[in-house]
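Reader: I have just opened this structure and would like to learn how to read it. Could you walk me through it?

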Amino acid sequence: MNRLNNKVSVVLGGAKGIGLAISQRFAHEGAATWFTSRRDEELQAAAATIGNNALPLRADVSQQSELIRIMEKVQAE
């Protein structure tokens, strides 16, 4: 299943719960999958679970400046 090859996804809060399931599915479908969490431990655990295509990004998405930083980081990569 590679329906999302050459695509990029960004999942806010993608390191646990429903967000993690979405991150896993997007990565499984071939997307380079950026996902956020405020906690490093959650990011590392999620990255190990997701495997290939996982791109963890520590961020507090309740802050507008962090959302801008996420956008700039993803665009730069």
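Predicted model: local features only at pLDDT ≥ 70, side-chain atom pairs only at ≥ 80, totals over all residues.

Reader: Thank you! In what order do the strands form the sheet?

Author: Strands of a sheet pair through backbone hydrogen bonds, either parallel or antiparallel. Here 3 strands make an open sheet, ordered β1-β2-β3, with parallel pairing. β1 (8-11) and β3 (54-58) are at the edges with a single partner strand each, so one side of each has no neighbour in the sheet. On average, neighbouring strands are turned by 20° against each other, direction ignored. Strands (E, at least two residues) and helices (H or I, at least four) are DSSP runs, numbered from the N terminus. Two strands pair if DSSP finds at least two bridges between them.

Reader: How many bridges join β1 to β2, and how many join β2 to β3?

Author: β1 is joined to β2 (residues 32-37) by 4 bridges, and β2 to β3 by 5 bridges. In β2, Trp-34 is the bridge partner of Val-10; in β3, Arg-58 is the bridge partner of Ser-37.

Reader: How does the chain cross from β2 to β3?

Author: A crossover is right-handed if, with the strands pointing away from the viewer, the path from the first strand over the helix to the second runs clockwise. From β2 the chain passes through α2 to β3, in a right-handed β-α-β crossover. β1, α1 and β2 also make a right-handed β-α-β unit. Helix α1 (residues 17-28) packs on the sheet and touches β1 and β2, its direction making about 175° with that of β1. Such axes are lines fitted to C-alpha atoms, for helices over the stretch in contact, and angles run from 0 to 180 degrees between N-to-C directions. Contact means heavy atoms within 4.5 Å.

Reader: What does Ser-9 touch?

Author: Ser-9, in strand β1, counts as buried because its relative accessibility is 8%. Leaving out residues up to four places away in sequence, Ser-9 touches Phe-26, Ala-31, Ala-32, Thr-33 and Trp-34. Ser-9 stands opposite Thr-33 in β2, and a polar contact of 3.2 Å joins their side chains. A polar contact is a pair of N or O atoms within 3.5 Å; within protein, one must be able to donate a hydrogen and the other to accept it, and residues adjacent in sequence count only if both atoms are side-chain atoms.

Reader: And is Ala-32 buried or partly exposed?

Author: Ala-32, found in strand β2, is partly exposed, with a relative accessible area of 25%. Apart from neighbours within four places in sequence, Ala-32 contacts Lys-7, Val-8, Ser-9, Asn-53 and Leu-55.

Reader: How many salt bridges does the count come to?

Author: A salt bridge is a side-chain nitrogen of Lys or Arg within 4 Å of a carboxyl oxygen of Asp or Glu. The count comes to 7 salt bridges. One of them joins the side chains of Glu-42 and Lys-16 (3.7 Å, N to O). Glu-42 lies in helix α2 (residues 40-50) and Lys-16 in the loop between β1 and α1, so this pair ties together parts 26 residues apart in sequence.

Reader: Where do Asp-40 and Arg-58 lie?

Author: Asp-40 is in helix α2 and Arg-58 in strand β3, 18 residues apart; their side chains meet in a salt bridge (3.6 Å, N to O). Asp-40 is partly exposed at 42% relative accessible area, and Arg-58 is partly exposed at 48%.

Note on methods:
Residues numbered from 1 in each chain as written. Heavy atoms only, no water. Buried < 20%, exposed > 50% of the residue type's maximum accessible area, 1.4 Å probe, protein only.
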